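Here's a quick briefing to read with the structure open beside you. Take a look first, then run through the notes by topic.

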Amino acid sequence: MVPIKLKGRAISRGCAKGEVLLSRDPISFLGSIDPKTGVVVEENHALEGKSIQGKVLVFPHGKGSTVGSYVMYQLKKNGTAPAAIINLETEPIVAVGAIISEIPLVDMLERNPYEVLNNGDLVLVNGNGGYIELLKSETGKTEINKTENM
Ligand SMILES: C/C(=C\C(=O)O)CCOP(=O)(O)O
């Protein structure tokens with residue numbers, strides 16, 4: 001048996017683990033998130049009312065203003081930033097925000113993260129090696145046979 005480890009593209013260096021928080025909606029860090037609390041304030045957003053603080057935040061990509069990069073930095077300075085980020089495909093605003101804020105970020109995983117990860121899973125994001133690893137799963141499954149298709 002081997003751990004469930006998905007290779008991707010390293011966008012922002014560093015290594016962090018945390019509980020998964022999944023959003024199928026894109027995120028505009030300017031406007032969607034309160035930088036003081038880390039709570040999503042955008043009306044009708046999939047994560048409205050939820051805190052991203054300390055989470056491994058999974059979302060497809062960013063949206064909105066370039067000021068979002070700076071809001072990510074504010075979140076980090078306020079201690080309300082996510083521990084790490086996983087994107088389907090990162091765009092430049094979130095890439096810059098993660099890099100200047102030293103938030104590990106990996107995208108373009110070899111498997112669709114929405115098919116593999118669940119809210120509450122414990123995941124390691126390695127932005128140095130460009131991979132994620134499932135450490136504890138809500139389904140109880142964190143390892144697969146070498147030959148097994150997930
Ligand atoms: C730098 C900007 C505003 C400010 O200083 O508050 C403009 C940001 O432009 P976007 O079109 O929102 O990226």
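This is a predicted model: local features need pLDDT of at least 70, side-chain atom pairs count only at pLDDT 80 or more; totals for chains, interfaces and linings use all residues.

**Strand pairing around S4**

- Start with strand S4, which spans residues 15-22 and pairs with strand S10 (residues 122-126) in the antiparallel sense, over 5 bridges.
- If you want a handle on that pairing, Glu19 has Leu122 in S10 as its bridge partner.
- S4 also pairs with strand S7 (residues 56-59), this time in the parallel sense and over 3 bridges.
- Here the pair to click on is Leu21 and Leu57, the latter being the bridge partner in S7.

**The annotated site and domain**

- UniProt puts an "active site" feature at Ser65, and the entry is unreviewed.
- Ser65 sits in the loop between S7 and helix H2 (68-78).
- Setting aside neighbours within four places in sequence, Ser65 is in contact with Ser28 and Leu30.
- The unreviewed UniProt entry also lists residues 27-106 as "domain: Phosphomevalonate dehydratase small subunit-like".
- That stretch, residues 27-106, is 31% helix and 18% strand, and its end C-alpha atoms are 16 Å apart.

**How H2 and H3 pack**

- Two numbers are handy for a helix pair: packed helices are described by the angle between their axes and the distance between the axes.
- For H2 and helix H3 (residues 92-101), the angle is about 30° and the axes are 8 Å apart.
- Angles under 35 degrees count as roughly parallel, so H2 and H3 are roughly parallel to each other.
- The crossing of H2 and H3 is right-handed.
- On the H2 side, the residues that meet H3 are Gly68, Ser69, Met72, Tyr73 and Lys76.
- Across from them in H3 are Ile93, Val96, Gly97, Ala98, Ile100 and Ser101.

**What surrounds H3**

- Which residues of H3 are buried? They are Ile93, Val94, Val96, Gly97, Ala98 and Ser101.
- Besides H2, the buried residues of H3 pack against strand S3 (9-12), helix H1 (29-32), strand S8 (84-87) and strand S9 (105-107).
- Just after H3, check the backbone at Glu102, which takes a positive phi of about 55°.

How values were computed. Residues are numbered from 1 along each chain as its sequence is written. Two strands pair if DSSP finds at least two bridges between them. Helices (H or I, at least four residues) and strands (E, at least two) are DSSP runs, numbered from the N terminus. UniProt positions are given in the numbering used here, feature names are shortened, and annotations may be inferred rather than shown by experiment. Two residues are in contact if their C-beta atoms, placed from the backbone, lie within 7 Å. Axes are lines fitted to C-alpha atoms, for helices over the stretch in contact, and angles run from 0 to 180 degrees between N-to-C directions. Angles under 35 degrees count as roughly parallel, over 145 as roughly antiparallel, 65 to 115 as roughly perpendicular and the rest as oblique. A crossing is left-handed if the near helix is turned anticlockwise from the far one by less than a right angle, and right-handed if clockwise. A residue is buried if 20 or more other C-beta atoms lie within 10 Å of its own, exposed if 12 or fewer, and partly exposed in between; C-beta atoms are placed from the backbone.
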